[in-house]
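Keep the structure open while you read.

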Amino acid sequence: MANAVLKALVLASTQRSFHRRIFHLSTNKLKSLRSDISTSNLQTYKRKQRTQKSHFSMAAVSVSGKKPITQVIFDMDGLLLDTEKFYTQVQEIILARYNKTFDWSLKAKMMGMKAIEAARVFVNETGISESLSAEEFLVEREEMLRDLFPTSDLMPGASRLIRHLHAKGIPVGLATGSHRRHFELKTQGHRELFSLMHHVVLGDDPEVKQGKPSPDIFLAAAKRFEGGPVDSQQILVFEDAPSGVLAAKNAGMSVVMVPDPRLDSSYHATADQILGSLLDFNPSDWGLPPFEDVEN
């Protein structure tokens, strides 16, 4: 699959030219991309987590005096699906043409935003806006991402947690900045799991006027639970992006953050709980039904 994706990327780049820009993938980039995709699996992730676990605070949270959690809302990219790596790889390739690099300080600003909002941040922050507009950037990025998204893997612990909450009768929703076309591509290998969601709110939903960190998407998700809108204080949100954490807090909800270990720890302060992985989540910390199994 990875080789087919790479061949498709090279073919697309030679067939299309955006305002006479030539798209080049160096041999080293191809090898790096192939390696990154082929080695993304649970076993590798767990090994990394064992060495990085000390960077996260996984202490139990105090729920005394708080309303009980009755509903849960999940973000998707980087939390349930391992898709953030695709954005990173593609954006690194685009910036390489301008002899610029893509770093995590910039990625942190873009994560969780609507596509066009993130694109504006990208071209402005990198100083390439006079050579590449936000709209052109999205078109160019789209060519590569649409072939990568169907290969998306689940993040460790995602399936277990969603299935557990569903089995225990805890309504679960999804609130993602991805638009409909990307959502379908990313989830096409995981349809059954995502069918367990009570509802899905996407970035191109008419009710979502502004992307994260605006609370729009979480407030829209709260309305769509049965009997909604649900009291925000009774909703627990899972997020990986700083903008998503802020959006949930702006909506008055509690937030468990599962950040990428490369994200600067200064972004952790807003969340109610920080975890190294969804595998580390203890439902009892939030008054939710405990896992019945003891395996990860």
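A count of 18 salt bridges comes out for this predicted model, where a salt bridge is a side-chain nitrogen of Lys or Arg within 4 Å of a carboxyl oxygen of Asp or Glu. Because the model is predicted, local features need pLDDT of at least 70 and side-chain atom pairs count only at pLDDT 80 or more, while totals for chains, interfaces and linings use all residues. Residues are numbered from 1 along each chain as its sequence is written, and side-chain values use heavy atoms, with hydrogens and water left out.

| Salt bridge | N to O distance |
|---|---|
| D77 and K186 | 2.8 Å |
| R191 and E184 | 3.1 Å |
| K223 and E207 | 3.2 Å |

Start with D77 and K186, which form a salt bridge. D77 lies in the loop between β1 (71-74) and α4 (84-96) and K186 in helix α9 (residues 180-187), so their contact ties together parts 109 residues apart in sequence. Helices (H or I, at least four residues) and strands (E, at least two) are DSSP runs, numbered from the N terminus.

Buried means under 20% relative accessible area, exposed over 50%, and partly exposed in between (1.4 Å probe, protein chains only).

In the next pair, R191 is partly exposed at 41%, and E184 is partly exposed at 30%.

Finally, K223 meets E207 in a salt bridge. K223 belongs to helix α11 (residues 216-223) and E207 to the loop between β3 (199-201) and α11, 16 residues apart. D205, E207, K223 and R224 are linked in a network of salt bridges.
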